Amino acid sequence: MGSVPMLHIALADSPHASLTDLLCELNAYYADAGVATAPREAVHAHLRDHLLAPGSPVRLVVASDAAGKAHGFAAIVFLHSLVDPSPGHRLQCMVKELFVSASARGRGTGRALMAWVARHAASEGCGRMDWNVKAGNHAGIAFYESLGAVLVADRLSYRLTREAMDQLAGP
């Protein structure tokens with residue numbers, strides 16, 4: 001595959017149509033895993049009213065070409081450690097999502113996004129970056145390992161569904 005055109009990587013500051021399109025592609029990608037497909041208007045409203053809203057803890061890092069078309073993004077959140085208050089460890093960057101459009105995969109967009117996030121996180125004082133990946137996502141695992149990431153062997157991911165939350169919360 002050829003290389004991606006020169007990319008501009010920056011924090012998103014507006015819910016432009018191209019970013020909405022990319023989030024719609026992400027939504028469709030996860031539809032295969034049982035997530036309901038959302039209408040474009042709902043995706044755009046969520047982007048505008050929640051993800052990019054003032055006070056949102058989520059930051060979207062977007063890779064766009066010269067025409068402004070978004071090719072990929074990383075969703076990041078900065079978290080303060082409860083365990084280690086030392087300057088080099090008290091802040092960490094959680095990568096909630098890394099997504100590259102199917103048309104741009106394998107051309108360096110994901111690596112460019114993760115490098116930008118690493119620089120940004122380090123400049124903010126983060127001592128580490130963390131993220132989850134599905135155990136069956138072999139291409140993703142190989143990609144992350146090519147970045148120098150290591151598997152955190154002593155961590156497992158747990159989830160409560162809404163039904164389980166309601167049951168736990170009780171009446």
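Student: How many helices and strands does the chain have?
Tutor: This is a predicted model, and in it the chain has five helices and five strands.

Student: And what pattern do they follow along the sequence?
Tutor: Reading along the sequence, you get β-α-α-β-β-β-α-β-α-α. The radius of gyration is 17 Å, close to the 16 Å that the globule rule gives for 171 residues, so the chain is as compact as a globular protein of that length.

Student: What does the C-alpha trace span along its principal axes?
Tutor: About 50 × 40 × 35 Å.

Student: What share of the residues is buried?
Tutor: Buried residues make up 30% of the 171. As for the surface, the chain exposes about 11,100 Å², and carbon and sulfur atoms supply 58% of that.

Student: OK, contacts. What share comes from residues 24 or more positions apart?
Tutor: 60%, counting the contacts with a separation of 6 or more.

Student: Switching to confidence: what pLDDT does the chain average?
Tutor: The average is 92, and 96% of the residues score at least 70.

Student: Which element has the lowest confidence, and which the highest?
Tutor: Helix H1, residues 17–31, is lowest at a mean of 93. Strand S2, residues 59–64, is highest at 98.

Student: Let's stay with H1. Is Leu 26 buried or exposed?
Tutor: Leu 26, which is found in helix H1, counts as buried at 12% relative accessibility. Leaving out residues up to four places away in sequence, Leu 26 touches Phe 73, Glu 97 and Phe 99.

Student: How far is Leu 26 from Arg 90?
Tutor: Their C-alpha atoms are separated by 31 Å, and the two are 64 residues apart along the chain.

Student: What about Asn 27, buried or exposed?
Tutor: Asn 27 also lies in helix H1 and is buried, with a relative accessible area of 14%. Setting aside neighbours within four places in sequence, Asn 27 is in contact with Val 35, Ala 36, Thr 37 and Ala 38.

Student: Over to strand S4. Where is Val 100, and what is it in contact with?
Tutor: Val 100 is in strand S4 and counts as buried at 11% relative accessibility. If you leave aside neighbours within four places in sequence, Val 100 is in contact with His 71, Gly 72, Arg 105, Thr 109, Gly 110 and Leu 113.

Student: And how far apart are Val 100 and Phe 73?
Tutor: They are 27 residues apart in sequence and 6.5 Å apart in space, C-alpha to C-alpha.

Student: Where does Ser 101 lie?
Tutor: In the loop between strand S4 (91–100) and helix H3 (109–123). Ser 101 is buried, with a relative accessible area of 8%.

Student: What does Ser 101 touch?
Tutor: Leu 22, Glu 25 and His 71, not counting residues up to four places away in sequence. His 71 is also in the contact list of Val 100.

Student: What does Asp 84 touch?
Tutor: Asp 84, found in the loop between S3 and S4, touches His 89 and Arg 90, not counting residues up to four places away in sequence. Asp 84 is partly exposed, with a relative accessible area of 27%.

Student: Charges next: how far apart are the mean positions of the positive and negative ones?
Tutor: 3 Å, for 15 positive and 15 negative charges.

Student: Last one, helix H5. How many of its eight residues are buried?
Tutor: Zero, so helix H5 (residues 162–169) lies largely in the open. Just after H5, Gly 170 takes a positive phi of about 75 degrees.

Note on methods. Residues are numbered from 1 along each chain as its sequence is written. This is a predicted model: local features need pLDDT of at least 70, side-chain atom pairs count only at pLDDT 80 or more; totals for chains, interfaces and linings use all residues. Side-chain values use heavy atoms; hydrogens and water are left out. Helices (H or I, at least four residues) and strands (E, at least two) are DSSP runs, numbered from the N terminus. The radius of gyration is taken over C-alpha atoms; the globule rule is 2.2 Å times the number of residues to the power 0.38. Buried means under 20% relative accessible area, exposed over 50%, partly exposed in between (1.4 Å probe, protein chains only). Contact means heavy atoms within 4.5 Å. Accessible areas come from the Shrake-Rupley method with a 1.4 Å probe; for residues, only the protein chains shown count as cover. Lys and Arg count as positive and Asp and Glu as negative; His and the chain ends are not counted. The place of a charge is taken as NZ of Lys, CZ of Arg, CG of Asp or CD of Glu. pLDDT is the predictor's confidence in each residue, from 0 to 100.
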